[in-house]
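Please read the report below alongside the sequence and the structure, and look up each residue as it is named.

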Amino acid sequence: MKTAIYPGSFDPVTFGHLDIIMRASKIFDHLTVAVLNNNVKTPLFSVEERVNILKEATKDIPNVSIESFQGLLIDYAREKDIHVSVRGLRAITDFEYELQIAQTNRKLSNGQLDTIFLTTSLEYSYLSSSSVKEIASFHGDISQCVPEFVAKLVYEKYGHSVD
């Protein structure tokens, strides 16, 4: 069985993330979306909330599972016996950053973890979780960035009333 892992913070999950998930789910027999519990960042949503949001957002994709992890991706991938990581690329700046991480992961895993890059669909190339949070914090319209139920949850986190 061809399996892969798509790691990230997903705070919040965007249409760009969901596009990568959908496309990767067509390439692999099983895709694990792994929500990183990063102690360095202060996320808008807890790990448990992000896992639940992703489960709801991907409920119609049968070969996708959602889990959380902390620590190094290579350790999590080794524990799950997964040898391919999927990453999305929006721009050349993403590539430079992601290439360094991919090479480091391959080296630290003794060649056991490869990374496959999927370029973001053009309609989502502007999207980032950070920009979604910034727009929402000023009660801007994020309906083109995230599913409706996610937008509602984001606005609630910022104390905005939801229509």
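Arg23 is partly exposed, because its relative accessibility is 26%, and here buried means under 20% relative accessible area, exposed over 50%, and partly exposed in between (1.4 Å probe, protein chains only). The model is predicted, so local features need pLDDT of at least 70 and side-chain atom pairs count only at pLDDT 80 or more, while totals for chains, interfaces and linings use all residues. Residues are numbered from 1 along each chain as its sequence is written, and side-chain values use heavy atoms, with hydrogens and water left out.

**Salt bridges**

Arg23 joins Asp19 through a salt bridge, a term for a side-chain nitrogen of Lys or Arg within 4 Å of a carboxyl oxygen of Asp or Glu.

| Pair | N to O distance |
|---|---|
| Arg23 and Asp19 | 2.9 Å |
| Glu98 and Arg87 | 2.8 Å |
| Glu156 and Lys152 | 3.2 Å |

Arg23 and Asp19 are 4 residues apart in helix 1, and are therefore separated by about one helical turn; helices (H or I, at least four residues) and strands (E, at least two) are DSSP runs, numbered from the N terminus. Asp19 is buried, with a relative accessible area of 15%. Glu156 and Lys152 also lie 4 residues apart, both in helix 6, and Glu156 is partly exposed at 40% relative accessibility, as is Lys152 with 41%.

The side chains of Glu98 and Arg87 also form a salt bridge. Because Glu98 belongs to helix 4 and Arg87 to strand 4, this pair ties together parts that are 11 residues apart in sequence. Glu98 has a relative accessible area of 6% and so is buried.

**Helices 4 and 6**

Besides Glu98, the buried residues of helix 4 are Asp94, Ala102 and Asn105, and the elements that cover them include helix 3, strand 4 and strand 5. In helix 6, Val150, Ala151, Val154 and Tyr155 are buried. Seen down the axis of helix 6, these residues fall within an arc of 135°, so they line one face of the helix, where the arc is that of the directions from the helix axis to the C-beta atoms. They pack against helix 2 and helix 5, with contact meaning heavy atoms within 4.5 Å.

**Nonpolar cores**

A nonpolar core is a set of buried Ala, Val, Leu, Ile, Met, Phe, Trp, Tyr and Cys residues joined through side-chain atoms within 4.5 Å. The largest has 35 residues, and Leu31 is one of those with the most contacts inside it. A second, separate core of 9 residues includes Ile5, Ala77, Ile82 and Leu113.
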